[in-house]
Amino acid sequence: MDLYKLTIEQAAAKLKAKEITSVELTKSILDRIEKVDGQVKAFLFIDREGALAQAKEADKRLATEKDGPILLGVPVAVKDNICTKGVPTTCASKILNGFVPPYDATVIKALKGEGAVIVGKTNLDEFAMGSSTENSEKQVTGNPWDLKRVPGGSSGGSAASVAADEAIGAIGSDTGGSIRQPAAFCGVVGLKPTYGLVSRYGLVAFASSLDQIGPLTKNVTDAAIMLQAITGHDTSDSTSLEYQPPNYLDSLKKGIKGLKFGIPKELFGEGCQDEIRDSIQNMIKLIESLGGEVAETSLSTFEYALPAYYIIAPAEASSNLSRFDGVRYGHRAKDAEGMIDSYKKTRAEGFGSEVKRRIMLGTYALTAGYYDAYYGQAQKVRTLIIKDFTDAFEKFDLLISPTTPTTAFEIGAKTDDPLQMYLSDVCTIPSNLAGIPAISIPVGLAGGLPVGLQIMGKHFDESTILSAARALEKEVDFKITPELAG
Amino acid sequence: MTETNNIPGLLAKHGFEAVIGLEIHVELSTLSKMFCDSAVTFGEPPNTHVCPVCLGLPGTLPVVNRKAVDYCALIGLALGCEIADFTQFHRKNYFYPDMPKNYQISQFDLPLCSAGRVTVNVDDNKTDIRITRVHMEEDTGKLVHIGEGGRIAGAKYSLVDFNRAGTPLAEIVSEPDIRSSGEARAFLQKLRSILLHLGVSDCNMEEGSLRCDANVSLRPENSPKLGVKTEVKNMNSFRGLVRALDYEIVRQLELIQDGEAVKQETRHWDAARNITTSLRSKEEAHDYRYFADPDLVPLKLSREWVKKQEESLPELPDARQKRLISAFKVSEYDSRFLTQSKAHGDYFEQVMENFGDAKMAVNWIMGELSAHLNADNKEMAESPMQPERLAQLLTLVEDGSISGKMAKEVFSEMYETGKTAPEIVDDRGLKQISGDDELAVLVDQVIGENQTAVEEYRSGKKQALGFLVGQIMRLSKGQANPGKVNEILREKL
């Protein structure tokens with residue numbers, strides 16, 4: 001059989017039963033990558049040697065450890081804005097050319113500790129800024145369901161790698177929807193955890209108060225497994241919270257019965273494709289048939305979320321990205337005359353246009369005299385959005401919406417219109433501003449392209465999100481079936 | 001430019017007064033850096049005490065060193081500041097190669113400590129200098145400019161040493177309550193003394209662990225309005241501070257007298273040339289784009305914690321000065337000398353554990369010991385001469401075993417070799433001969449050998465006595481106690 005098609009849960013069972021070895025499974029994945037990644041272009045770096053060495057180690061552990069970790073021996077992919085010791089980390093930017101981190105991100109340490117095999121680093125919009133992975137300075141990733149279309153972004157490489165069976169699971173990062181939106185476009189599961197649940201140490205910061213690492217997987221159970229592996233308090237990250245996570249696999253069994261679902265009407269606004277609206281209507285019926293209650297609600301501050309996000313995220317980014325100056329690592333302009341010129345040329349050559357746009361936006365928003373009108377105001381909006389969600393969660397256990405207003409669009413369709421591009425994150429941004437967890441699960445096809453349902457929950461209530469998602473997934477029985485030649 | 005030592009007098013003559021505020025950066029002597037666990041060091045090979053965090057590598061995050069927060073709070077409490085319930089770190093954004101992130105983590109509108117005061121004593125007048133705030137931040141790395149002059153202008157290239165990057169700093173900001181370079185010096189000395197008593201920094205100005213910037217302006221005497229100020233940087237000694245301020249005050253006065261405006265700008269003190277030069281104008285000033293650092297959660301400071309810090313405050317210079325005056329009857333002047341650092345007072349008190357004469361002890365610490373330390377460029381805390389040893393030496397002087405003049409020689413040898421006073425006195429046979437019997441033998445011998453002089457004395461030539469005493473001293477190689485010799489000689493004659 002084609003081992004690369006396995007889910008984490010299935011692979012773990014076979015590895016533990018000694019039906020297969022991690023080396024066999026890893027080879028199968030590496031072969032699959034070799035076969036299809038020429039078309040998909042999900043990977044920026046394939047660590048064949050490293051992966052096989054890790055697989056061998058995993059097989060040793062599998063031989064001796066009776067109750068080893070679930071991820072032991074399972075090949076996964078990692079978004080290329082997460083630092084991996086000894087393996088290039090580029091953020092899909094020229095400015096990090098040649099940068100090889102001397103340390104592992106906390107999540108990478110956690111995955112390695114579990115015995116997961118890291119097969120490579122996946123493509124993204126440069127510094128995670130974008131919604132289509134077209135802002136990569138390295139390559140354009142195709143959507144495995146239709147290679148002429150984008151995989152979404154910014155974790156487009158991670159989402160595409162899972163959808164194309166080039167990894168059993170993957171890790172991405174989500175600042176305004178960067179896990180959920182590509183998960184929706186590629187027909188996989190993507191979870192953005194509560195802000196502070198997963199350590200950000202080693203994630204190259206885009207917007208520190210919004211960034212969060214999370215899993216992209218073939219199903220909800222796998223998402224629960226990966227989440228469990230990467231969750232936990234980290235003393236290297238002050239924003240990581242001291243919180244003892246529950247057993248997420250156990251919580252999958254709880255089902256939907258008795259849960260109260262709110263539907264914020266603003267998230268079905270204009271710009272939402274009819275077919276997507278229909279898909280979500282079907283889900284509402286399904287929830288009710290499974291014993292859940294559904295009612296419409298309102299997030300009154302919704303219309304301010306996108307503008308506030310496009311002040312806060314670029315402001316933080318403008319500061320976070322100032323360290324890329326060519327002095328210590330990465331690209332440095334040749335023929336610069338003096339310090340200032342070196343800064344200017346290095347950054348002019350090293351950053352792509354979307355990154356430059358956001359640095360300029362953010363720098364402006366923080367400038368003396370404009371701070372109150374922009375950054376200060378956006379922070380106030382953020383406080384109101386948090387309050388909006390808090391109020392909603394007094395009435396509801398979960399909130400649902402489409403993950404995206406449209407299905408995957410064609411490559412090049414929105415590259416000349418940043419505002420249209422920004423609008424594809426309209427449903428996902430509010431939960432980043434509020435710091436709440438949210439998942440996207442595939443619930444059907446529209447015009448042959450996957451549709452994602454977003455389920456948002458209370459702070460640290462990933463359990464309820466996962467249990468509802470799992471219950472729906474069982475009924476929907478969505479199959480990942482993109483046809484790739486090769 | 002006018003050369004004068006009486007700047008306040010010169011200003012008063014023209015109806016002006018100087019308005020000075022200081023900003024002092026203190027490197028805290030914690031084991032590890034402000035936001036990572038790399039060691040705080042000085043003088044180590046470049047880039048040997050660095051890690052991904054203090055190098056600002058992509059993906060790294062800062063974590064607050066709680067010891068540095070404790071130290072900063074101690075400073076605030078010692079300066080009579082209020083300690084905030086809630087304090088936050090901000091990013092100060094500007095590009096410079098010594099700063100690995102191109103922003104400095106500092107504090108902005110929510111500093112840890114605010115509204116304190118320090119009393120300073122200048123020419124026996126006590127003045128209060130208000131403290132605006134004390135906040136925490138991280139230090140930058142060090143640039144080494146290769147090429148002419150060692151300045152960035154004209155350098156061929158520059159090297160960066162990140163050992164210092166991320167060292168915890170406390171920034172102490174004063175209100176513009178200082179009116180002269182003398183007051184500024186006294187204020188900085190007092191502050192240094194307090195910091196040394198707290199043990200939170202070694203306050204070594206040459207090594208840069210205590211750095212001082214000044215805001216200087218002039219205004220008509222008794223005017224409530226402030227004049228246009230300049231910020232003077234790079235004063236790395238007390239002398240530099242005084243000279244830079246005097247220079248800047250006179251420069252501004254001359255501009256005003258010439259009918260020119262003082263420009264708001266940052267000026268660089270050039271100690272080699274004894275002048276300040278313009279570094280950047282107000283228009284060129286950075287917009288630091290301060291915003292709350294999203295990587296660091298705000299610190300909530302419980303009152304119990306503040307109380308704990310308060311309880312751990314050691315005796316501070318003012319209290320110690322009072323105690324020294326009452327316990328040892330030292331003068332006000334001496335008490336100030338002894339509280340200039342914790343080490344000075346400790347040294348004195350340790351001498352006094354084995355010795356009784358406080359005035360004599362102070363004189364020796366202030367005289368011989370300080371002279372030797374200065375010549376060696378050593379701090380009191382680094383004194384190779386232990387206080388018990390000094391007490392031993394002073395006891396020998398007090399009981400007449402050696403003369404004061406000999407004691408100075410013995411001191412030098414003790415300081416150089418680490419030998420004790422009795423060892424040296426024995427080795428060199430320096431002990432003063434005071435015993436009546438021993439002296440009587442010498443006196444008899446000299447009387448016997450100098451009958452002419454004895455006759456002269458007896459016949460009324462009193463000067464002859466001096467000659468005989470000289471002979472006895474010579475015979476004893478200078479060790480005879482001259483007072484006693486006189487006494488015994490008179491008796492015998």
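Guide: The model is a predicted one. Counted in this way, chain A contains 16 helices and eleven strands. Its radius of gyration is 21 Å, close to the 23 Å that the globule rule gives for 486 residues, so chain A is as compact as a globular protein of that length. Along the principal axes, the C-alpha trace of chain A extends over about 65 × 55 × 45 Å.

Two further values describe the interior of the chain. Of the 486 residues in chain A, 61% are buried. Among the contacts of chain A with a separation of 6 or more, 77% are between residues 24 or more positions apart.

Eleven strands of chain A form an open sheet with mixed pairing, and their order is β1-β3-β2-β4-β6-β5-β10-β11-β9-β7-β8. The edges are strand β1 (43-46) and strand β8 (293-297) of chain A, each of which pairs on one side only. From one strand to the next, the twist averages 30°. Strands of a sheet pair through backbone hydrogen bonds, in either the parallel or the antiparallel sense.

Strand β2 (residues 75-79) of chain A and strand β4 (residues 169-174) of chain A are paired in the parallel sense, over three bridges. Val78(A) has Ile171(A), in β4(A), as its bridge partner. Further along, strand β5 (residues 189-192) of chain A pairs with strand β10 (residues 438-446) of chain A in the antiparallel sense, again over three bridges. The bridge partner of Lys192(A) in β10(A) is Ala438(A).

The antiparallel pairing of β10(A) with strand β11 (residues 449-457) of chain A runs over eight bridges. These two strands form a hairpin with two residues between them, and Gly447(A) in the turn has a positive phi of about 60°.

Ser154(A) lies in the loop between β3 (117-122) and α5 (156-163) of chain A. The peptide bond joining Gly153(A) and Ser154(A) is cis, with omega of about 10°.

For a residue in a helix, consider Leu62(A), which belongs to helix α3 (residues 48-64) of chain A. A residue is called buried if 20 or more other C-beta atoms lie within 10 Å of its own. Leu62(A) has 19 C-beta neighbours inside 10 Å and therefore counts as partly exposed. Leaving aside residues up to four places away in sequence, Leu62(A) touches Leu15(A), Ser22(A), Gly68(A), Leu72(A) and Gly73(A). Gly113(A) is 51 residues from Leu62(A) in sequence and 13 Å from it in space, C-alpha to C-alpha.

At their interface, 32 residues of chain A are in contact with 24 residues of chain B. The side of chain B that touches chain A consists of 15 nonpolar, four polar and five charged residues.

Chain B itself is assigned domain 1 (7-309), domain 2 (315-428) and domain 3 (436-492). The centres of domain 1 of chain B and domain 2 of chain B, taken over C-alpha atoms, are 34 Å apart. Each of these two domains contributes eight residues to the contact between them. On the side of domain 1 of chain B that touches domain 2 of chain B, helix α3 (residues 181-198) of chain B gives the most, with five residues. By class, that side of domain 1 of chain B has three nonpolar, five polar and no charged residues.

Asn47(B) is in the loop between β1 (16-27) and α2 (66-78) of chain B, and its phi is near 55°, a positive value in a residue other than glycine. Asn47(B) counts as partly exposed, with 14 C-beta neighbours inside 10 Å. Asn222(B), in the loop between β11 (210-220) and β12 (230-235) of chain B, has a positive phi of about 65° although it is not a glycine. With 7 other C-beta atoms within 10 Å, Asn222(B) is exposed.

Technical notes: Residues are numbered from 1 along each chain as its sequence is written. Chains are lettered from A and ligands numbered from 1 in the order in which they are written. This is a predicted model: local features need pLDDT of at least 70, side-chain atom pairs count only at pLDDT 80 or more; totals for chains, interfaces and linings use all residues. Helices (H or I, at least four residues) and strands (E, at least two) are DSSP runs, numbered from the N terminus. The radius of gyration is taken over C-alpha atoms; the globule rule is 2.2 Å times the number of residues to the power 0.38. A residue is buried if 20 or more other C-beta atoms lie within 10 Å of its own, exposed if 12 or fewer, and partly exposed in between; C-beta atoms are placed from the backbone. Two residues are in contact if their C-beta atoms, placed from the backbone, lie within 7 Å. Ala, Val, Leu, Ile, Met, Phe, Trp, Tyr, Cys and Pro count as nonpolar, Asp, Glu, Lys and Arg as charged, and the others, Gly among them, as polar. Domain bounds come from an automatic or database domain assignment. Two strands pair if DSSP finds at least two bridges between them. Axes are lines fitted to C-alpha atoms, for helices over the stretch in contact, and angles run from 0 to 180 degrees between N-to-C directions.
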